[in-house]
Amino acid sequence: MPVITCIEDLRVLARRRVPRMFYDYADSGSWTEGTYRANETDFARILLRQRVAVNMEGRSLRTTLAGQDCAMPVVIAPTGLTGMQHADGEILGARAAEAFGVPFTLSTMSICSIEDIAAHTKAPFWFQLYWMRDRDFMERLIERAKAARCSALVLTLDLQVLGQRHKDLKNGMTAPPKPTLANLINLAMKPRWCLGMAGTRRHSFGNLVGHAKGVSDMSSLGTWTKEQFDPRLSWDDVAWIKQRWGGRLILKGIMEVADAKLAADSGADAIVVSNHGGRQLDGAPSSIAALPAIAEAVGDRIEVWMDGGIRSGQDVLKAVALGARGTMIGRAFLYGLGAMGQAGVTRALEIIRNELDITMAFTGHTDIRRVGREILVPGSYRGAGGPS
Ligand SMILES: Cc1cc2nc3c(=O)[nH]c(=O)nc-3n(C[C@H](O)[C@H](O)[C@H](O)COP(=O)(O)O)c2cc1C
């Protein structure tokens with residue numbers, strides 16, 4: 001067993017263990033993947049300032065996100081088809097998050113269902129919703145999330161049309177995989193994954209199968225999205241969701257100050273500055289570049305979080321320094337899961353926590369809630385007025 005010291009180690013192991021179409025589904029962005037790459041490289045450009053001879057004892061990473069106590073300012077992001085990275089992946093991810101003390105968000109497009117997660121965890125989890133044409137189905141999803149005692153609803157605003165990811169088309173990605181010759185050859189090289197899948201009945205979209213009407217091909221994410229995701233989504237619809245749900249509401253996929261102001265007006269509890277991990281609008285700026293202006297504009301009215309490109313605890317600290325109260329991790333979580341199941345998710349969270357804790361100490365802070373821009377080298381990040 002290799003020694004795992006960073007998220008990159010988990011990515012390499014996941015690539016070895018997860019069938020190619022699902023590994024590629026995670027490790028890809030839309031079109032040129034320019035925004036996908038920028039999410040990571042823009043973090044790397046931000047420089048930290050070291051302080052010395054400051055008492056660094058008794059450090060705390062604890063914070064609250066949307067009223068929920070969290071061991072660190074990190075939430076597991078909603079990711080579709082997670083149960084294809086590893087058998088029962090969403091259950092394993094939710095269990096790891098629960099034990100660690102951070103929220104887990106279940107995607108509408110998950111393999112394990114809302115009820116599956118509720119049956120296998122004690123802590124409340126969060127549910128992510130897409131705005132769909134079938135209002136009845138959406139209302140039932142909201143009711144199911146309430147019945148499962150989900151403590152927040154994450155409404156994703158940036159996927160009413162689907163960005164094209166070349167690899168998914170080339171791989172003919174479906175859940176479960178179709179038994180083509182290429183797939184069978186690839187699966188033969190992934191015995192651990194196959195064994196896991198043979199031991200579970202959860203192989204397709206758990207929240208949809210048996211619940212959604214009039215969907216012609218359940219196995220295809222693209223088909224479902226084209227048929228069901230409603231491109232007419234408006235702020236009135238957000239108000240409708242808020243009223244129907246009645247609990248904590250988080251709006252995900254905000255990249256512009258103008259939209260952030262509308263989101264704050266909507267009465268939601270938090271926004272996530274996000275470009276969907278570079279999977280939607282290729283050519284958009286990185287999330288970390290978009291964050292400072294948004295945090296400055298609305299940070300006193302609504303909790304501002306961010307996701308996209310976080311591969312270390314240092315990235316979390318940089319996001320916090322630039323005004324994010326919380327962060328979400330997508331791929332860092334999926335790589336851990338694909339590499340080693342629940343233990344891999346725990347390892348990913350531990351790595352991020354340790355890096356975050358030690359880096360915070362180097363910058364002379366002991367409480368994550370007090371960290372601000374003073375820890376960053378001026379000129380190495382974008383301020384509200386654009387590149388500096
Ligand atoms: C494989 C994959 C599937 C995703 N599925 C969803 C989804 O179902 N709903 C959603 O709101 N966001 C989804 N996202 C976006 C994530 O929630 C998050 O915004 C993104 O992964 C953050 O970037 P990171 O992966 O660099 O951390 C997905 C991301 C990935 C990588």
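Modeller: For the classes used here, Ala, Val, Leu, Ile, Met, Phe, Trp, Tyr, Cys and Pro are nonpolar, Asp, Glu, Lys and Arg are charged, and the others, with Gly among them, are polar. The model is a predicted one. In it, 25 residues surround the ligand, and the closest of these are Ala77, Gly80, Ser107, Gly277 and Gly330. Two or more residues of this shell come from each of α2 (20-26), β10 (326-329) and α15. Divided by class, the shell holds nine nonpolar, twelve polar and four charged residues.

An annotation can be set beside this description. The unreviewed UniProt entry carries the feature "binding site", which covers Tyr25, Arg165, His276 and Arg279. These positions span 255 residues in sequence, yet no two of their C-alpha atoms are more than 13.2 Å apart, so they gather at one spot.

Two of the annotated residues can be followed further. Histidine 276 is placed in the loop between β8 (270-273) and α13 (287-298), and arginine 279 also lies in the loop between β8 and α13. Histidine 276 counts as buried because it has 26 C-beta neighbours inside 10 Å, where 20 or more are required. Arginine 279 has 24 such neighbours inside 10 Å and therefore counts as buried by that cut-off. Leaving aside neighbours within four places in sequence, histidine 276 is in contact with Asp158, Leu159 and Gly253. With the same exclusion of neighbours within four places, arginine 279 is in contact with Gly29, Ser30, Gly163 and Arg165. Arg165 is itself one of the positions that UniProt annotates.

For alanine 348, contacts beyond four places in sequence are made with Ile7, Leu10, Ala332, Phe333, Tyr335 and Gly336. Methionine 340 belongs to α15, which runs over residues 331-362. Methionine 340 has 22 other C-beta atoms within 10 Å, and is therefore buried. Methionine 340 and alanine 239 are 101 residues apart in sequence, and their C-alpha atoms lie 40 Å apart in space.

The chain as a whole supplies the setting for this region. It contains 15 helices and ten strands. Along the principal axes its C-alpha trace spans about 60 × 50 × 40 Å. A compact globule of 388 residues would have a radius of gyration near 21 Å, and the value of 20 Å for the chain agrees with this. Of the 388 residues, 50% count as buried. Among contacts between residues at least 6 apart in sequence, 73% join residues at least 24 apart.

Several backbone features of the loops complete the account. Most residues other than glycine have a negative phi, and most peptide bonds are trans. Glutamate 33, in the loop between α2 and α3, has a positive phi near 65 degrees although the residue is not glycine. With 17 other C-beta atoms within 10 Å, glutamate 33 is partly exposed. Alanine 53 likewise has a positive phi, near 50 degrees, and is found in the loop between α3 and β1. Alanine 53 is exposed, because 6 other C-beta atoms lie within 10 Å and the limit for that class is 12 or fewer.

Valine 54 lies in the loop between α3 (34-45) and β1 (63-65). Valine 54 has 11 C-beta neighbours inside 10 Å and so counts as exposed. Finally, alanine 175 and proline 176 are joined by a cis peptide bond with omega about -5 degrees, and proline 176 is placed in the loop between α7 (166-171) and α8 (181-188).

Note on methods. Residues numbered from 1 in each chain as written. Predicted model: local features only at pLDDT ≥ 70, side-chain atom pairs only at ≥ 80, totals over all residues. Helix = DSSP H or I, 4+ residues; strand = E, 2+ residues; numbered from the N terminus. Near = placed C-beta within 6 Å. Contact = placed C-beta atoms within 7 Å. Rg over C-alpha atoms; globule rule 2.2 N^0.38 Å. UniProt positions renumbered as here; feature names shortened; annotations may be inferred.
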